[in-house]
Amino acid sequence: MLDNTLGGYHDIGGVRVLEITEDNGAPRMTYQPDHPDANEDGYVAYPNVNLVREMTDMLVASRAYEANLSVVTTTRDMWNGALDVMRG
């Protein structure tokens, strides 16, 4: 959940983190008996990071950034055009 207000006024200065939660999912267990971190059964616990999901999230964030940048650029161009019209 994002909070985009500051004292009743809209704050366009960024995003605030409201909550950080810990992932309680089980680690990914891989059988590697020769690994120095292997448990007594020969399994090594790795983080349960889903690379496909992480890449998808990264692409979505990148596209959102590009879209926002396009809006800012278009707005700036419109303001410059309006100033040119006013100057004559």
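Buried means under 20% relative accessible area, exposed means over 50%, and partly exposed lies in between (1.4 Å probe, protein chains only). Keep that scale in mind on this tour.

**Before you click.** This is a predicted model, where local features need pLDDT of at least 70, side-chain atom pairs count only at pLDDT 80 or more, and totals for chains, interfaces and linings use all residues. Residues are numbered from 1 along each chain as its sequence is written, and side-chain values use heavy atoms, with hydrogens and water left out.

**Stop 1: the whole protein.** Show everything. You have 1 helix and 4 strands, in the order β-β-β-β-α. Helices (H or I, at least four residues) and strands (E, at least two) are DSSP runs, numbered from the N terminus. Of the 88 residues, 2% are buried.

**Stop 2: colour by confidence.** pLDDT is the predictor's confidence in each residue, from 0 to 100. Its mean over the protein is 86, and 85% of residues reach 70 or more. Select residues 5-6, strand β1: among the elements, its mean pLDDT is the lowest, at 50. Now select residues 43-46, strand β4, which has the highest mean, 96. Where pLDDT is low, the predicted coordinates should not be read in detail.

Stop 3: Select residues 51-87, helix α1, with 37 residues. From first C-alpha to last it reaches 54 Å, close to the expected 54 Å. That expected span is 1.5 Å times one less than the number of residues.

**Stop 4: the two ends.** Which residue caps the N-terminal end of α1? Select Asn 50: a side-chain oxygen of this cap lies 3.1 Å from the backbone nitrogen of Val 52. Then go to Gly 88, which follows α1 and has a positive phi, near 105°.

**Stop 5: charged pairs.** Side chains of opposite charge can pair when their charged atoms come close. A salt bridge is a side-chain nitrogen of Lys or Arg within 4 Å of a carboxyl oxygen of Asp or Glu. By this rule the count is 3.

- Select Arg 63 and Glu 66. Their closest N and O atoms are 3.8 Å apart. Both lie in α1, 3 residues apart, about one turn. Glu 66 is partly exposed at 41%, and Arg 63 is exposed at 52%.
- Select Arg 76 and Asp 77. Their side chains meet at 3.8 Å, N to O. Arg 76 is partly exposed at 48%, as is Asp 77 at 44%.
- Select Asp 84 and Arg 87. Their closest N and O atoms are 3.3 Å apart. About one helical turn separates them in α1. Asp 84 is partly exposed at 47%, while Arg 87 is exposed at 65%.

Technical notes:
Polar contact = N/O pair within 3.5 Å; in protein donor to acceptor, adjacent residues only side chain to side chain.
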